[in-house]
Amino acid sequence: MSVAIPPKGQGPLAKREARLAWSLLLPTITIVSLVVILPLLSIFWISFKPIGLADLRPPAPVLRESLRGSGDEMRVEYRLRNSSQDIEITDVTIRDTWPDSLIVTGDLPTGCTLEDQQFSCDLGTLEPGFNERLRVPVMLAQGVDEDTAEEAAEGSEPEVRGEADSILTNSEFTFENFARVFDGDEFWTVMWVTLFYTVVGTIGALLFGLFAALLLNKSFRGQGILRGLYLFPYVAPVIAVAFTWVNLFDPFSGSANALLLQMGVTNEAINFFGQRPLALIMVTVFEIWRYFPLSFLFILARMQSIDTDMYEAADMDGASPFQKFWYLSLPMLLGILSVLFLLRFIWTFNKFDDIFLLTGGNAGTRTLTVNVYEQAFAISNIGAGAAVAVVIFGCLLAFSFFFFRFISREEGL
Amino acid sequence: MSFLRFGYVTGPLIGALWLFILATTVSITMSFATGDAFRPSLTIALVIGAVSGLISALPQEKRIKTATISVLVFALTLVGFGPMIMDSTQVSETFAALALALVMGWSMVAILDDQPLGALTRHEMEEAWIRFLTGFGYIFFTAIVLIPFYVMVMTSLKSQSALLQNPLDFSLDLDKGWALFRSYHELFRDFNFGTYMWTSFYVSVLTVVITLAFSIPGAYAVARLRFRGQKAFSRSILLIYMVPMIVLALPIYIAFSVTGLRNTVIGIILIYPVTTIPVALYMLQGYFRGLPGEVEEAGLMDGLNRLQVIWKITLPLALPALASVSLYVFMIAWNEFLLAFMLLDDPSKFTLTRGVAMLNSSEIPREHLMAGAVIATVPVMVLFLGLEKFMTKGLTAGSVKG
């Protein structure tokens, strides 16, 4: 009798299932890699490039056609220009269709031909800053007046082509961007600000969330309303709440200052978002305010799933309320708290809009993410911005390593 | 902390702190409502509060204690030697004093309910403090959430010059009637906010549709089907979910500039779903895992193929989940600011958030900016409050994202 052997490898059914799975995933994989993976790779590429905001538009030949003169002294004029002042354009060609109403009377410019009303030029290389006119003397065909001829001549758009060396694709590389980013004290200031913002913001949001969850972890009338209300800061658009905060804490017309003055807490208006180190504290407070609802929601959900038997047993044993919290609730919440901490840590680290809207990165609030924008758009140095982005990505990889190593087993995330 | 274990210590201590908190709360509320000067007086509040704490720990009937404290606080406040110093009209002063007195009398007795004056057990002491902290928590959280939104709405209804004169005076002149909404009217008439709202709306809806179209099959595959690389795939979803937008925004800006997609609504519609697909995928796979697999197997046995199973069994079962995900994605798209800000320059193509950002200039009065903020906030809030159950579910399911 032969021994029964379990089948090895993938059977046809399993293969079919895997095929189906991949075909279901394919659209997502395609689009995500197109918009996430590809940009990530290009960020690395760009970070080694000496590229500014102005270099984004590749140099191109610019052409304008017009019919000039009157009577017998008529000419078609092409005004050709190199849009760049420092890069040459090669293989420049012009194609244009001429109306029948124009008859060439003189010589064509060098490199140009006219066959069957098809005008074409092969001009070779344009120097940087090239700006000249090509003139073709013409006369009007019989019975055509100047206006219609002009309309006909300028009506057909001439086509111009040329090839230029784009800084994005050539093989010029530099380490200057990274040198700039890591240069001197500024980098460490930015790192310190980022770290403060991230750590204090995350822990603050967690603690406030825990407090709010403790408040609402009982049923009473109005609990639903309060729960909805406490989520407001998170649900509202950043732009609305950030501008409201700026408005509220305005040194001249802000209500917060007026209130503090009236209560006698301070004697003169405080510029909350404009002075060090208060601005950093304020943006961190804003972060806590805006994201405590999220921690609150998660912690509350976890609390409500804790078995009440445990508390009843503790009551029988005479545990006091604080003891119950410390020895029973907190250990049960530790899992969700650590998951929240890590995820929120990463997200706070990544946060950009909030600080950008509140202070624009001024007054000592420039975090790494704001620095990307600052370098790329305010100083117009895209390469340096990309270098900062690479630094951010590196930090992120380190964080996610920690995340998967220590946390992902908990809570099944 | 053993000295706290006596009624004559804990009672006055809690009383003193509580009255100061209440006096501050009432002062701030009245200041914001009337614009007049109300402020708590620290020392007097502490003294009277301590006395009230003692009173409520006395072995008397509740009603008597409440009445005593209320009358004490009310009388002293009106005389001018109370926990709150006021400079306002007779009516609002009386109202403020009355409110403070009643709330104080009632809550003080509630907090220190059944506390003996002498030695306390650990339970009694902790419970009193917990009631105090709970009361403080409700006031604190409600205040910090409500004040910014109150300021936002009220500023949009007032003129900038009036607010410059007294930044606390949010009282409305109701005689003006519809003229109160002048800044809203101007936003819709002169600043195209109607168009922006419509753009934001259809961009968000399209984002939801495209996101679902991509993420439903993907999430189903990850959750249900067995294939090699499944683990790695579900991890990489989470990883992608953590890539900061600003890192991607830079190359996207460059790519869009080069291809001419910058400054077009099409470009925005192309890019928004990609930011939400990982979130949706992550949320949906969680839901799909939670659905009973037996129902689907029964469907397979009865001769449906996988796609039919998804369409006829899984999706109807996951309808609440789809609602949550859609709402959440809609909210992300509606609130999105960074990409719209970077990619759109032409005022005729703005989304609502980009439009509001445009109002942030020194030439445009503040009330317009705040009115814009209100316009951007109200639709999300209405959706949120109307469908709160779905929303909170959606938020807890997948979103530690911000």
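Where in chain A is the place of A:Ala363? In this predicted model, A:Ala363 sits in the loop that runs between helix 12 (353–358) and helix 13 (368–378) of chain A. The report below takes up this loop together with other features of chains A and B.

## Backbone features in the loops of chain A

A:Ala363 is not a glycine, yet its phi is positive, at about 55°. The residue has a relative accessibility of 17% and therefore counts as buried, since buried means under 20% relative accessible area.

A:Ser380 likewise has a positive phi, near 60°, in a residue other than glycine. A:Ser380 is placed in the loop between helix 13 and helix 14 (382–407) of chain A. Its relative accessibility is 32%, so A:Ser380 counts as partly exposed. A further backbone feature is the cis peptide bond from A:Arg276 to A:Pro277, with omega near -10°. A:Pro277 belongs to the loop between helix 8 (255–263) and helix 9 (278–304) of chain A.

## The disulfide and cysteines of chain A

Over all chains, the structure holds 1 disulfide. A:Cys112 and A:Cys121 form this bond, and their sulfur atoms are 1.9 Å apart. The torsion about the S-S bond of A:Cys112 and A:Cys121 is about 105°, which makes the disulfide right-handed. In general, a disulfide is a covalent bond between the sulfur atoms of two cysteines.

Are the cysteines of this pair buried or exposed? A:Cys112 is buried, with a relative accessible area of 10%, and A:Cys121 also counts as buried, at 2% relative accessibility. A:Cys395 has a relative accessibility of 18% and counts as buried.

## Domains of the two chains

The domain assignment divides chain A into domain 1 (59–164) and domain 2 (176–412). Taken over C-alpha atoms, the centres of domain 1 of chain A and domain 2 of chain A are separated by 62 Å.

For chain B, the division is into domain 1 (2–157) and domain 2 (184–398). Between the C-alpha centres of domain 1 of chain B and domain 2 of chain B there are 45 Å. How many residues of domain 1 of chain B are in contact with domain 2 of chain B? Contact involves 6 residues of domain 1 of chain B and 8 residues of domain 2 of chain B.

## A helix pair in chain B

Helix 3 (residues 62–79) of chain B packs with helix 4 (residues 90–111) of chain B at an angle of about 150°, and the two axes are 8 Å apart. This angle makes helix 3 of chain B roughly antiparallel to helix 4 of chain B, because angles over 145 degrees count as roughly antiparallel. The crossing of helix 3 of chain B and helix 4 of chain B is right-handed.

Several side chains can be named where these helices meet. On the side of helix 3 of chain B, the residues include B:Ile69, B:Val73, B:Phe74 and B:Leu78. Among those that they meet in helix 4 of chain B are B:Leu98, B:Ala101, B:Met104, B:Gly105 and B:Trp106.

A:Thr28 is part of helix 1 (residues 12–47) of chain A. With a relative accessibility of 2%, A:Thr28 counts as buried.

Which residues is A:Thr28 in contact with, leaving aside its neighbours within four places in sequence? These are B:Phe214, B:Gly218, B:Ile277 and B:Leu281.

Methods. Residues numbered from 1 in each chain as written. Chains lettered and ligands numbered in written order. Predicted model: local features only at pLDDT ≥ 70, side-chain atom pairs only at ≥ 80, totals over all residues. Heavy atoms only, no water. Domains from an automatic or database assignment. Disulfide = S-S within 2.5 Å. Buried < 20%, exposed > 50% of the residue type's maximum accessible area, 1.4 Å probe, protein only. Axes fitted to C-alpha atoms, helices over the stretch in contact; angles between N-to-C directions. Helix = DSSP H or I, 4+ residues; strand = E, 2+ residues; numbered from the N terminus. Parallel < 35°, antiparallel > 145°, perpendicular 65-115°, else oblique. Left-handed = near helix turned anticlockwise from the far one by under 90°. Contact = heavy atoms within 4.5 Å.
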